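Subject: Handover of a structure and notes on what was found

Dear colleague,

Please find the structure below, together with its sequence. The notes after it are written for a reader who is new to this kind of work.

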Amino acid sequence: MINLSNILVVDDAAFMRLNLKNILGEFGHEVVGEAENGKQAVEKYRDLEPDLVTLDITMPEMDGIEAAAKLKEIDKDVKMIMCSAMGQQAMVIKAIEAGAKDFIVKPFNKDRIKEAIEKALA
Amino acid sequence: MSDNDQYLDMFFAEARDYIQMLNDNILQLEENPENKEVINSLFRAAHSLKGMSATMGFNTLTELTHKLENMMDKIRNGEIVVDTEIIDLLFAGIDHIENIVAQIKENGNEDIDIDGFLKQLEKQISVAKNRKPEEKEEKPAELGLELSSEEIENIRENKKELDTVYQIKVLLADETEFKQARASMIFKSASELGYIVKSEPKKEEIAEVELENNKIKIILVSSQTEEDIQAEIMNITDIKEVKIEEIKLPEKEEGDKKDSGESKNMTNSFEVSSTVRVDINKLDKLMNMIGELLINKTRLQALNIKSDGFKEVLPQLDRVTMDLHHTVMQIRMEPVGVMFNRFPRMIRDLAKEEGKEIDFIMKGKETELDRSIIDELGDPMTHLLRNAVDHGIEKPAEREEKGKDSEGTINLSAYQKGSEIIIEVKDDGSGINIDKVVQKALTKEVVSKNEIEEMDRHEKLQLLFEPGISTKEEVSDVSGRGVGMDVVKRTIASLDGEIFIESKADKGTKFRISLPLTLAIQEALMVKINDEIFAIPLNAISETLKIKTEEIKQVKGSDVIVLREKTIPLIDSRESLNLDIDYGQYKDKKEIPIVIVKSGAKEIGLIVDELLYQQEIVIKSLSNYLNNVPNISGATIIGDGEVALILDVRDIA
């Protein structure tokens with residue numbers, strides 16, 4: 001079975017962060033930190049060293065794609081899952097090329113999230 | 001073996017494959033008469049058979065396959081429309097092929113009169129409009145990617161020695177969100193496994209180009225095995241199917257031909273994988289020899305030589321023996337599909353005969369089992385499936401009356417569970433009439449009235465496996481030919497397997513067969529009973545423990561223990577082995593060693609004198625003189641060269 005892990009949730013919308021946090025909590029994972037944009041995400045990643053990062057794509061200051069690339073620079077083994085929405089397919093592809101492990105599409109489906117996280121951590 | 005014999009062996013082996021292929025494809029053709037790929041495979045199979053038969057000089061077979069090939073050609077060109085009549089005719093043709101091949105195998109001649117059938121074929125073919133068939137080259141409908149000669153050259157230059165070239169076809173699930181993004185994950189995963197030579201869609205264009213039919217094709221050069229690549233890609237979400245084939249690069253030709261003909265040849269060679277057909281007897285012999293090796297290793301171990309070199313070489317020997325055993329087991333494994341494949345045709349024919357509508361679903365055809373088990377299993381499986389059609393699934397009108405779909409379903413599935421292979425046959429038919437079974441058991445005096453009263457539903461169902469219960473009085477054409485469920489059970493038991501049954505009135509019946517993965521070599525617990533050493537196969541043991549006399553309780557005059565709130569009956573192994581001493585001596589001991597063994601859902605505590613050690617044992621069957629010794633399933637040789645008997649836990653429990 002999969003180990004329960006520490007997760008950093010990155011999204012500019014507090015609502016989405018809460019939404020994700022609750023879902024992740026249900027699966028027994030702990031959200032150890034939250035960030036509102038890519039810049040914060042990079043800082044918090046250094047501080048917290050989480051097992052996994054969920055990254056929203058459209059964010060102010062630094063978007064998810066750029067953040068993905070930065071995080072990959074800091075830690076080549078970083079595990080990132082992109083949180084995308086309708087119409088962001090091209091961005092997701094960029095993020096995957098930048099090193100993201102997987103993606104989920106809003107509105108979130110719990111099973112999908114579970115599957116993505118389990119696979120990313122495996 | 002003469003040359004001709006060698007050819008014959010190969011002919012039979014290949015003919016069998018082609019006949020299977022024909023059967024499968026005709027079934028598919030019936031469902032999708034328009035499917036060009038199916039028709040093409042049919043044509044190719046008939047064509048290959050014709051070529052082989054002609055080479056061997058089997059004229060009847062050549063003529064038959066030639067006519068069938070003609071017919072398939074007409075179907076391909078749309079001159080013959082596929083209907084039930086045509087399908088039946090094709091099936092009949094294959095039966096004739098099968099009969100002729102069997103005849104040749106038996107006595108070398110092919111004197112089977114098929115003139116009538118050939119005329120029938122002829123008639124269908126000439127009825128078809130006399131349009132000249134187009135002279136076009138047969139081409140498989142779903143091609144892989146082709147490599148240009150430059151690309152082949154490129155691979156040759158960059159490929160490392162251990163690299164393999166693979167053709168990978170990935171199918172995404174229909175409901176996949178962001179298909180192109182998924183595709184990019186596949187590309188990424190593939191490039192981590194090796195080097196992508198070519199792909200469709202192109203890797204660089206993945207963001208712009210929509211996928212065609214959810215398919216992605218990749219030619220990958222990689223040092224990984226097919227299985228590893230498969231597993232890696234399947235692990236990505238939303239992947240429905242991954243097909244991987246090894247591509248053989250064409251031989252480098254002198255004169256460096258660089259025309260397109262060369263790359264066409266390559267496409268054909270995608271189909272070829274390098275295999276060797278080996279006589280199963282040779283594998284049996286090899287397995288036997290490994291068994292001997294293992295016995296000698298165990299004996300060597302028991303010598304306990306005090307030398308550093310000895311201590312080093314023993315684990316080495318141990319590992320090599322186990323690897324060897326494992327490899328041979330692997331070689332002996334075959335997918336159950338080789339047995340399953342004949343069932344769709346059988347079910348179809350039976351259903352048609354009886355006017356029933358049946359959806360037959362097979363799962364887990366790739367599950368592997370020892371070849372010898374597969375061979376033995378064919379008959380019992382056929383019996384169970386025939387039963388499902390004959391007694392299980394009701395006629396459409398009856399089903400509708402019951403509020404069920406007029407089409408019944410039969411599921412056949414296989415899968416691995418731990419060290420066992422499970423095969424299930426499930427139908428959604430009328431279920432087994434328990435009252436009838438009980439009635440029959442009473443008339444046949446298999447059980448007494450008193451015993452019946454003690455039985456629960458489940459136990460009553462098991463009566464079906466008693467001799468004489470499942471056989472029908474009036475022999476029907478389909479099942480009930482005197483071979484009853486008792487034979488099914490016996491066959492499965494002889495393979496060291498078990499069969500379970502579940503049934504609900506009007507809901508259906510499920511048979512579950514569990515079989516061990518290996519037969520010849522097993523882990524066992526060695527125990528001492530009355531100063532003799534016995535082996536108990538580890539897969540039958542759920543635990544071992546030592547209890548005190550005061551923990552023994554009495555239920556209905558028998559000794560039991562209560563283990564985690566479960567009452568488990570105790571059996572004195574001395575008694576079940578009929579050893580000539582007083583039973584029940586264990587009660588004088590301070591600590592009583594007990595092996596909890598399981599058989600199906602049943603658990604018993606077997607009292608032994610001493611728990612010794614765990615060991616791999618080579619199972620040797622007892623000779624014919626000693627056949628059917630109760631509670632003993634075989635023998636093995638232990639370290640000091642002594643023979644130890646193997647306890648048959650299922651018998652005891």
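In which loop of chain B does B:Arg564 lie? B:Arg564 belongs to the loop between strand S16 (558–563) and strand S17 (566–572) of chain B. Please keep in mind throughout that this is a predicted model.

**Backbone features in loops**

The phi angle of B:Arg564 is near 45°, a positive value in a residue other than glycine. This deserves a remark because most residues other than glycine have a negative phi. B:Arg564 counts as exposed because its relative accessibility is 64%, and the cut-off for exposed is over 50%.

Another positive phi is found at B:Asn530, where the angle is near 50° and the residue is again not glycine. B:Asn530 is placed in the loop between strand S12 (521–529) and strand S13 (532–537) of chain B. With a relative accessible area of 28%, B:Asn530 is partly exposed.

Two peptide bonds also call for attention, since most peptide bonds are trans. In chain A, the bond that joins A:Lys106 and A:Pro107 is cis, with omega about -5°. A:Pro107 sits in the loop between strand S5 (102–105) and helix H5 (110–121) of chain A. In chain B, the bond from B:Glu200 to B:Pro201 is cis, and its omega is near 0°. B:Pro201 is in the loop between strand S2 (194–200) and strand S3 (215–222) of chain B.

**The chains as a whole**

Chain A contains five helices and five strands. Read from the N terminus, its elements follow the order β-α-β-α-β-α-β-α-β-α. Chain A has 122 residues, of which 48% count as buried. Among its contacts between residues at least 6 apart in sequence, 63% join residues at least 24 apart.

Chain B has 21 helices and 22 strands. Of its 653 residues, 45% count as buried. For contacts in chain B with a separation of 6 or more, 70% are between residues 24 or more positions apart.

**Two pairs of packed helices**

Two packed helices are described by the angle between their axes and the distance between the axes.

In chain A, helix H3 (residues 64–74) and helix H4 (residues 89–98) have axes that come within 9 Å and cross at roughly 5°. H3(A) is therefore roughly parallel to H4(A), as angles under 35 degrees count as roughly parallel. On the H3(A) side, A:Ile65, A:Ala68, A:Ala69 and A:Lys72 meet A:Met91, A:Lys94, A:Ala95 and A:Ala98 of H4(A). Sorted by class, this contact has six nonpolar, no polar and two charged residues.

In chain B, the axes of helix H13 (residues 343–354) and helix H14 (residues 371–392) come within 10 Å and cross at roughly 30°. That angle makes H13(B) roughly parallel to H14(B). The crossing of H13(B) past H14(B) is right-handed. Residues making the contact include B:Phe343, B:Met346 and B:Leu350 of H13(B), and B:Met381, B:Leu385 and B:Val389 of H14(B). By class, the contact has eight nonpolar, two polar and three charged residues.

Is B:Leu377 buried or exposed? Its relative accessibility is 0%, so B:Leu377 counts as buried. Leaving aside neighbours within four places in sequence, B:Leu377 is in contact with B:Met339, B:Leu369, B:Ile423, B:Ile492, B:Leu495 and B:Leu515. B:Leu377 and B:Thr491 are 114 residues apart in sequence, while their C-alpha atoms are 7.7 Å apart in space.

B:Glu424 is part of strand S9 (residues 420–427) of chain B. It counts as buried because its relative accessibility is 12%, and the cut-off for buried is under 20%. Which side chain makes a polar contact with the side chain of B:Glu424? The partner is the side chain of B:Tyr415, at 3.4 Å. Not counting residues up to four places away in sequence, B:Glu424 touches several others, among them B:Asn411, B:Lys510 and B:Arg512.

B:Asn40 is located in helix H2 (residues 36–56) of chain B. With a relative accessible area of 7%, B:Asn40 is buried. The side chains of B:Asn40 and B:Arg76 are joined by a polar contact of 3.0 Å.

Yours sincerely,
A colleague

How values were computed. Residues numbered from 1 in each chain as written. Chains lettered and ligands numbered in written order. Predicted model: local features only at pLDDT ≥ 70, side-chain atom pairs only at ≥ 80, totals over all residues. Heavy atoms only, no water. Helix = DSSP H or I, 4+ residues; strand = E, 2+ residues; numbered from the N terminus. Buried < 20%, exposed > 50% of the residue type's maximum accessible area, 1.4 Å probe, protein only. Polar contact = N/O pair within 3.5 Å; in protein donor to acceptor, adjacent residues only side chain to side chain. Contact = heavy atoms within 4.5 Å. Axes fitted to C-alpha atoms, helices over the stretch in contact; angles between N-to-C directions. Parallel < 35°, antiparallel > 145°, perpendicular 65-115°, else oblique. Left-handed = near helix turned anticlockwise from the far one by under 90°. Nonpolar A, V, L, I, M, F, W, Y, C, P; charged D, E, K, R; others polar.
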